[in-house]
Amino acid sequence: MKKVRDIFCVLLLLCTTMSCENWLDVDPKTEIKSELMFQSVSGFKDALMGVYLTLRDPELYGKEATWGFVDAIGQQTDIQDQAAAYYNASRYNYSQTSGVSDALWAKAFNAIVNLNNMLENLDEQQNLFTPATYGVLKGEALGLRAFLHFDLVRLFGWGNLAKKPENLEKLCMPYMTKYDKVLTKQLTVGEVLAHIEEDLLASIELLNNSDPYGLAPKSDDYDLPNEDKFFDNREKRFNYWAAVCTLTRVYMWMGRKGEALTLATSFIDKGGRTSWIDSYTIDAYYEKDRDLTFSREHVFALDIAELFESVKHYIDPNANKPNRNADLLYHSSARANKLFEAVNGVSTDYRYKRWYNKVNDYFDGWAFYKYWEVEEYSHGSVLPLIRKPEMYYMAAECLLETGNDADRIKAIEYLNTVRDNRGIAKLGNDMTAGTVQDEITKEYQREFIGEGQLFYYYKRLGFEKIPYSTKPGNDAVYVVPLPSGDVGLGGMEDYKKK
């Protein structure tokens, strides 16, 4: 691991973390010669692991792109105290949160630039690899490039595309496919999404044929050398099913629900190499054995050794004892009981029982507990980026679009599959399509606490007002401003002023 970190630090010399102008200013006279890094298979593996280290950073998925900033703007936590770390984010005072959003943007593009460097050298050095090794490495890198661009367009770009297709023509951001000093021009939302789709389709084809998770039959000469265990634990890497699920998200964002349904049902029907959490695991007698992130349901996740130390202050009600912890991420007890339909403070829902620290010494609220760890915790510091139930929610939503009664019942069946695996009663088949959609919304609110997905759900559907928000759901809320240091570079425009 030290070797990986050292190599990645060298790569970072090519890019600063705060400005596109810097991270794209590659001087051939000073850049590290690619052959030093990419003269062996291990060098490519180190480069890819370096990207994963970047994804784990607190500026990105280790904090702000999941349980931090993105959850705050999705109103996933109750924040009243103006001294709270995420108060301004929860009030959409983006001028006061630009340091966080700018760093998220820059860190994501830093990873993208290094992926592009790897991809260019991968094609040049293809003779180093077995076909399967080449296919997995390239498919994984293309998929990650698309995954990162998509989260950036979901945050900094435009949503509600099904109802407002004109948003496809609005300027958005660059789509970086080359590793050089030329700044890629700003593209429209539609153009960026087209590049994302192209990369994901290529990723799916490569991983289907080469990834152990792929469905395509492997040839007799299939060879994926794994003496170093690099290809183990594919559920914590961008695998075949991660590419499928990401493209499902993209089609949902674009309003192409027929194609999204095909992909989602493929995952559901073929299992996606996942299984549901069970009551024995979530209710284990010893707290150290309770799998709070439902890891067997992970499609794509990150191992982050520092996760608990990073999040502990924000989920520990006693962190500022004897004073109140203003930064606490929590739900009021009233909100928690309503969300999980608890009766007299009792619910059979695993999430209600295990994802809250139900204390109220300093306030009327229950702290989030999904990422809490105890001594000798069995399930590690794992942060999920894609999980199994999301495919059921998206499939259900797609089925409701048809207006067909059989599809409505099938949508309820998909929701009931999740509910049954969360320990709660099934829904009746007599529900209207609108009521079923409301149930999907509640599932997003319940299921993705601490994962950064709720804001994107509201934005995709164009909610007129995000629940618990103090402002209407307009562009001032949904479109996070571009980093001011990048506006004006290479034709970049501040599209919110257009």
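Reader: How many helices and strands does the secondary structure of the chain come to?
Author: This is a predicted model, where local features need pLDDT of at least 70, side-chain atom pairs count only at pLDDT 80 or more, and totals for chains, interfaces and linings use all residues. Residues are numbered from 1 along each chain as its sequence is written, and side-chain values use heavy atoms, leaving out hydrogens and water. Helices are DSSP runs of H or I with at least four residues, strands are runs of E with at least two, and both are numbered from the N terminus. On that basis the chain has 20 helices and seven strands.

Reader: What percentage of the residues in the chain is buried?
Author: Buried means under 20% relative accessible area, with a 1.4 Å probe and protein chains only. Of the 498 residues in the chain, the buried share is 59%.

Reader: How do α16 and α17 run relative to each other, roughly parallel or roughly antiparallel?
Author: Helix α16 covers residues 388–400 and helix α17 residues 405–420, with axes 8 Å apart and an angle of about 165 degrees. Axes are lines fitted to C-alpha atoms over the stretch in contact, and angles run from 0 to 180 degrees between N-to-C directions. Angles under 35 degrees count as roughly parallel and over 145 as roughly antiparallel. So α16 and α17 are roughly antiparallel.

Reader: Which residues in α17 does α16 meet?
Author: Contact means heavy atoms within 4.5 Å. From α16, Pro389, Tyr392, Tyr393, Ala395, Ala396, Leu399 and Leu400 take part. Their partners in α17 are Asp407, Arg408, Lys410, Ala411, Tyr414, Leu415, Thr417 and Val418.

How values were computed
Buried < 20%, exposed > 50% of the residue type's maximum accessible area, 1.4 Å probe, protein only. Parallel < 35°, antiparallel > 145°, perpendicular 65-115°, else oblique.
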